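The following paragraphs walk through one protein model, starting from a single contact and widening to the whole chain. Please keep the structure open while reading.

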Amino acid sequence: PNKSRWIVLYGSGNIVENCSFLNKESTGATILVELLYTEDITPGHGIRNNYFYNITPKDDFESNANDSEAIRIGVSQFQTVGAFVVVEGNYFQKADGENEIITNKSANNTFRQNTFRNCRGSLVLRHGAGALVEGNFFLGEGKAKSGGIRVTDRDHVIINNYMQGLRNEGDPWNNGITLVGGGTTSGGTSSQYQNVDNVTIVHNTIYNSDDPIFFNDRSSYDPKGVIAYNLVYSENGDIVAGDISGTGQG
């Protein structure tokens, strides 16, 4: 199938607000922040108070199935660009296009006070340093492969988020908070997994969710940072799980 993106943001200071994006059945991100022409500008876009509903799963499509996020900010090539995009107050319901509801592929973006309800996938910090993820709600409602926040790269602050009823179905990518073991230094243009360094994960609540804090070791580098003052309760799997034998040193 052909790829169909509904909104592509260029330039700087664009605002997408108070819109409804419903029943997207084609592949392609619903909203894409394009960073190709940002050498001398700061994008600084705002995506706020929008409703994303029924982005249908693209698993059976022949191509482009992994480019079907609700929102994607950048690409691997421009992961060092300070995009300073703010995604806040949005409501995602049955946004099941792929394994990543939002994909962050640039630096210094903010994801604040969004609600993810009955969605497959996670909010994914795939590339780019210095993200702030604050005050979001992840309500899985028992949906298979519903996740919270997946973390790669460095200097992120993940604070005051609430997660409930997430079901990973054994998927190592979609847990409450998933730390991905890197093997590549932060920066550059690599599509590999950057090392997780200096992350701050505090004051989050994870209730009745599979494997609330999970380490997915894709390479040889164990994450470093602070995990503190979180409230976690679950009878579904271990509180801290995954490839954790080498963790704890940093």
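In this predicted model, Arg-48 and Glu-17 form a salt bridge, with their closest N and O atoms 2.9 Å apart. Arg-48 belongs to strand S5 (residues 46-48) and Glu-17 to strand S2, so the pair ties together parts that are 31 residues apart in sequence. Arg-48 counts as partly exposed, because its relative accessibility is 28%. Glu-17 is partly exposed as well, with a relative accessible area of 34%.

A second salt bridge joins the side chains of Glu-141 and Arg-117, at 2.6 Å from N to O. Glu-141 sits in the loop between strand S15 (137-139) and S16, and Arg-117 in strand S12 (residues 115-117), so this contact ties together parts that are 24 residues apart in sequence. With a relative accessible area of 45%, Glu-141 is partly exposed. Arg-117, at 30% relative accessibility, also counts as partly exposed.

Asp-155 forms a salt bridge with Arg-154, and here the closest N and O atoms are 3.1 Å apart. Asp-155 counts as partly exposed at 30% relative accessibility, and Arg-154 is partly exposed with a relative accessible area of 29%. The structure holds 13 salt bridges.

The surface also has a nonpolar feature. Val-8, Tyr-10, Leu-36 and Tyr-37 form a patch there, and together they have about 410 Å² of accessible area. One of these residues, Tyr-10, is found in the loop between strand S1 (7-9) and strand S2 (15-17). Tyr-10 has a relative accessible area of 44%, which means that this residue is partly exposed. Strand S2 is also where Glu-17, the partner of Arg-48, lies.

From the surface, turn to strand S13. Is this strand mostly covered or mostly open? Strand S13 (residues 121-127) is mostly covered, with 7 of its 7 residues buried; buried here stands for a relative accessible area under 20%. S13 pairs with strand S10 (residues 100-105) in the parallel sense, over 5 bridges. In this pairing, Lys-105 has His-127 in S13 as its bridge partner. S13 is also joined to strand S16 (residues 146-151), through 4 bridges, and these two strands run parallel. Leu-123 stands opposite Ile-149, a residue of S16. The loop that holds Glu-141 lies between S15 and S16.

What secondary structure does the protein have overall, counted in helices and strands? There are 25 strands and 0 helices. Of the contacts with a separation of 6 or more, 74% are between residues 24 or more positions apart.

The overall dimensions can be read alongside this. The C-alpha trace spans about 45 × 35 × 35 Å along its principal axes. A compact globule of 250 residues would have a radius of gyration near 18 Å, and the value for the protein is 17 Å, so the two agree. Buried residues make up 51% of the 250 residues. The accessible surface of the protein comes to about 10500 Å², and carbon and sulfur atoms account for 44% of that area.

Note on methods: Residues are numbered from 1 along each chain as its sequence is written. This is a predicted model: local features need pLDDT of at least 70, side-chain atom pairs count only at pLDDT 80 or more; totals for chains, interfaces and linings use all residues. Side-chain values use heavy atoms; hydrogens and water are left out. Patches are made of residues with over 30% relative accessible area and no salt bridge: like charges are joined within 9 Å, nonpolar side chains (Val, Leu, Ile, Met, Phe, Trp, Tyr) within 5 Å. Accessible areas come from the Shrake-Rupley method with a 1.4 Å probe; for residues, only the protein chains shown count as cover. A salt bridge is a side-chain nitrogen of Lys or Arg within 4 Å of a carboxyl oxygen of Asp or Glu. Buried means under 20% relative accessible area, exposed over 50%, partly exposed in between (1.4 Å probe, protein chains only). Two strands pair if DSSP finds at least two bridges between them. The radius of gyration is taken over C-alpha atoms; the globule rule is 2.2 Å times the number of residues to the power 0.38. Contact means heavy atoms within 4.5 Å.
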